[in-house]
Amino acid sequence: MNDDSQLNGPPAVPAGSTDGSATDPATVFAALADIVYRGSSAEEIYTAICNAAVLVVPHCDHASLMLMRHGKPVTVAASDDIARVVDDIERATGEGPCLDAITSEAAQLEADFRTPTQWPAMARGVLNRTPVRGAMGFRLNVDDQKVGALNLFTDKPGVFDTDSASKAIILTAFTAVTVAAVMNGQEASTLRDGLESNREIGKAIGLIMALHDVSGDEAFALLRKSSQDLNVKIADLAASVVHRHSKGLKR
C-alpha cells in the first residue's frame with residue numbers, strides 16, 4: 001500500500017482472508033498518521049481508523065467506533081453497513097461486548113455467537129441479521145473518562161485470539177489519542193507526535209502480554225511500574241522495549 005486510499009474507502013485488502021493474514025501494521029499506521037497530519041475532518045479520521053482495523057487486525061472483517069454523546073453510545077464511524085447493524089443490535093438489546101467495553105476495564109471478547117453467550121439477545125440478533133460470528137470491544141479512555149469503544153467483528157467463528165487482541169490494542173491506543181485530540185482541538189502536528197508515542201506503547205503492551213501471558217491491563221501496569229522505577233518516560237521505555245525485541249528477532 002503506497003498511499004492511504006485503503007483507509008479512506010472500503011478496504012481493498014480484507015484481513016478476513018482464508019489464512020487470517022493482515023496488512024503490515026507499520027504501513028497502515030503511517031498512512032493513518034498522514035491522514036491525521038493533513039488535518040482531515042473528524043469523520044474522515046474516524047472512518048480511516050475503522051478501515052485500518054480491518055487491515056491490521058487478523059480476522060477482522062468489520063469495525064466501528066462508538067463514542068458517548070449526551071450519555072448514549074453513538075456510532076460515529078464504521079468500515080461498512082454490517083458493523084453499523086451490529087452496533088444497532090447492541091443498542092436495541094442493551095447488551096453486547098462493545099457496550100460492556102465502554103464501562104469495563106477489560107477488553108470484551110465473544111469468539112463465537114453460535115455458542116452460549118453472556119449476551120444472548122444480542123447474539124440472536126447478530127446471527128439472524130448479519131454474517132458476524134465473533135466480536136471484540138476495547139474501551140477508549142480520555143483524561144480518565146470512558147468516552148467510547150473500538151469494536152471489531154469477524155465473520156468466522158472462533159478465530160479472534162490473543163494475536164488479534166494484541167494488534168487491536170495497538171490500534172486502540174492510536175484511537176484514544178486521536179479521539180482526545182479531536183475532542184480537545186489539538187494541532188495536527190501535536191496529534192501526530194502523540195500517535196507515534198502511543199503506537200510504541202501499544203506495541204510494548206502487546207509484547208509484554210505475549211511474553212508474560214498477562215492481560216492488557218496487567219501489561220500496562222508492568223510497563224508503568226518499570227517506567228517509575230527507572231525514572232524514564234513511559235513512551236521512551238516502550239520504544240526501548242520494542243527496539244530490543246526487534247533486535248532480538250534479527251539475530
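Colleague: Okay, so how far does helix 4 reach from its first C-alpha to its last?

Modeller: Helix 4 covers residues 81-93, which is 13 residues, and reaches 18 Å, close to the 18 Å expected. Keep in mind that this is a predicted model: local features need pLDDT of at least 70, side-chain atom pairs count only at pLDDT 80 or more, and totals for chains, interfaces and linings use all residues. Residues are numbered from 1 along each chain as its sequence is written, and side-chain values use heavy atoms, with hydrogens and water left out.

Colleague: Got it. Which residues in helix 4 are buried?

Modeller: Ala 83, Val 86, Asp 87, Ile 89 and Glu 90 are. Buried means under 20% relative accessible area, exposed over 50%, and partly exposed in between (1.4 Å probe, protein chains only).

Colleague: Let's zoom in on Ala 83. What does Ala 83 touch?

Modeller: Leaving aside neighbours within four places in sequence, Ala 83 is in contact with His 62, Ala 63, Ser 64, Ala 78 and Phe 153. Its relative accessible area is 0%, so Ala 83 counts as buried. Ala 83 and Asn 151 are also 68 residues apart in sequence, yet 8.4 Å apart in space, C-alpha to C-alpha.

Colleague: Back to helix 6. At what angle do the axes of helix 4 and helix 6 cross?

Modeller: Roughly 150°, and the two axes come within 9 Å. Axes are lines fitted to C-alpha atoms, for helices over the stretch in contact, and angles run from 0 to 180 degrees between N-to-C directions. The contact is made by Val 85, Val 86, Ile 89, Glu 90 and Thr 93 of helix 4, with Ala 121, Met 122, Gly 125, Val 126 and Arg 129 of helix 6.

Colleague: New topic: the histidines in the loops. Where is His 59?

Modeller: His 59 is in the loop between helix 3 (42-56) and strand 1. His 59 has a positive phi of about 75° although it is not a glycine. Most residues other than glycine have a negative phi.

Colleague: Is His 70 buried or exposed?

Modeller: Exposed, since the relative accessible area of His 70 is 83%. His 70 is in the loop between strand 1 and strand 2, and its phi is positive too, near 55°. His 59, on the other hand, is buried, with a relative accessible area of 15%.

Colleague: Last one: how many helices and strands does the protein chain have?

Modeller: There are 10 helices and 5 strands. Of the 251 residues in the chain, 49% count as buried.

Methods. Helix = DSSP H or I, 4+ residues; strand = E, 2+ residues; numbered from the N terminus. Expected span 1.5 Å × (residues − 1). Contact = heavy atoms within 4.5 Å.
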